[in-house]
Number of protein chains: 2
Amino acid sequence: MVKRTSFEHDDCPVARALDAIGDWWSMLIIREALFGISRFSEFQKRLGLAKNILTVRLRALVDQGILKTAPASDGSAYQEYLLTPKGRGVFPILVALRQWSEEFDERPQEIATILVDKEKGKPVRKLELHSQDGRLLSAADTALKPRATGKQSRRVMA
Amino acid sequence: MVKRTSFEHDDCPVARALDAIGDWWSMLIIREALFGISRFSEFQKRLGLAKNILTVRLRALVDQGILKTAPASDGSAYQEYLLTPKGRGVFPILVALRQWSEEFDERPQEIATILVDKEKGKPVRKLELHSQDGRLLSAADTALKPRATGKQSRRVMA
DNA sequence: CAACACAGTTTAATAATGCAACCATCGGAG
DNA sequence: CTCCGATGGTTGCATTATTAAACTGTGTTG
């Protein structure tokens, strides 16, 4: 890619999120981190990406407050990369991606894992979007409203 | 980049989803499409991307069954790009991205739009993940289980 | 103290963007 | 019928991201 158009100052929250974690590797790094991976070499082995890229990605994630470095709790020397609350907040996005694959992939049998709830070991339900008074909402039931305060915009999302 | 590692045959559903819609533009194109945009020039104007890139992205999205081309319902000649069910299924992912920005962005006041429910015009609640018996689940309440049938794997997600 | 693992950095090659200019088709005005 | 602008692209070239692989500098093990 080139000059990778930054969406950092876009007023659309989707664009902002993509700017932060919208590349292939960042999301997968966070996925691994949520699974408990914290060491450089572990990320590298599991994801199979080039080490320089991993370096850059980890640094970017740390800069954005998604990961933080800690002085290696286990063993000694070296540091480890831990998720911040902001990083753990990515979980629903990963679930959404997972469920989309599960629902629409043309070869779902190749999908190796199922997300289950720990207590019962049964698959989770689909993510649900509710209104404030509790109605289940689909895309068609929603709309975008400009924020009350601040400059208005024609930028949208759905 | 180089040889852009494809995750198409990865057994992790997150990776598969990212392989399909994990680049900056595809997600935004789908966002616009969900908002009703269907014409090439409309996408181009609203997103401000280069036309060649738009061409490639649209074709890829059509190939993947996320968009389909129709012979221009309105006016005449030219075609339009419409979402398939698979494309509309991306909605929760966009909502998850949006809510992540809303919750963790350091300058939330720059975010221009709010997702509301059409009926009441009030902001929606956060996406919720439930177990089959209805308990609200957080990341910590979940685990990954290998699929019953098929080759097992150490590939994970959280 | 030699070998090895960890956590990177550097380098060179290559593939993916982006920009701009070009081309083809359609519909409408004259 | 012809010219013109808008639509929907395609082509080329410059720029940048990503990669693999080699190299560096620590710490740790034997």
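**View 1. The lining of the largest cavity in this predicted model.** Residues of both chains meet here: Ala96(A), Gln99(A), Trp100(A), Glu103(A), Phe104(A), Lys126(A) and Leu127(A) line the space together with Gly89(B), Pro92(B) and Ile93(B). A cavity is a set of points on a 1 Å grid over the protein atoms alone where a 1.4 Å probe fits but cannot get out, and lining residues have an atom within 4 Å of a point. Two elements give two or more residues each, α6 (91–104) of chain A and α6 (91–104) of chain B. With five residues, α6(A) gives the most. The lining divides into six nonpolar, two polar and two charged residues, and the space comes to about 50 Å³.

**View 2. The second largest cavity.** Look here for Gly89(A) and Pro92(A) beside Ala96(B), Gln99(B), Trp100(B), Glu103(B), Lys126(B) and Leu127(B). The largest share, four residues, belongs to α6(B). This space holds about 40 Å³, and its lining has four nonpolar, two polar and two charged residues. In total, three cavities of 30 Å³ or more turn up.

**View 3. Cys12 in chains A and B.** Cys12(A) counts as buried because its relative accessibility is 1%, where buried means under 20% relative accessible area (1.4 Å probe, protein chains only). Cys12(B) is buried too, at 1%. Zero disulfides (pairs of cysteine sulfur atoms within 2.5 Å) are found over all chains.

**Notes.** Residues are numbered from 1 along each chain as its sequence is written, and chains are lettered from A in the order in which they are written. Local features need pLDDT of at least 70, side-chain atom pairs count only at pLDDT 80 or more, and totals for chains, interfaces and linings use all residues, while side-chain values use heavy atoms, without hydrogens and water.

Technical notes: Buried means under 20% relative accessible area, exposed over 50%, partly exposed in between (1.4 Å probe, protein chains only). On a 1 Å grid over the protein atoms alone, a cavity is a set of points where a 1.4 Å probe fits but cannot get out, and a pocket is an open set with protein on both sides within 12 Å along at least five of seven lines; lining residues have an atom within 4 Å of a point. Grid points are joined across faces, edges and corners, and a volume is the space filled by probe spheres set on the points. Ala, Val, Leu, Ile, Met, Phe, Trp, Tyr, Cys and Pro count as nonpolar, Asp, Glu, Lys and Arg as charged, and the others, Gly among them, as polar.
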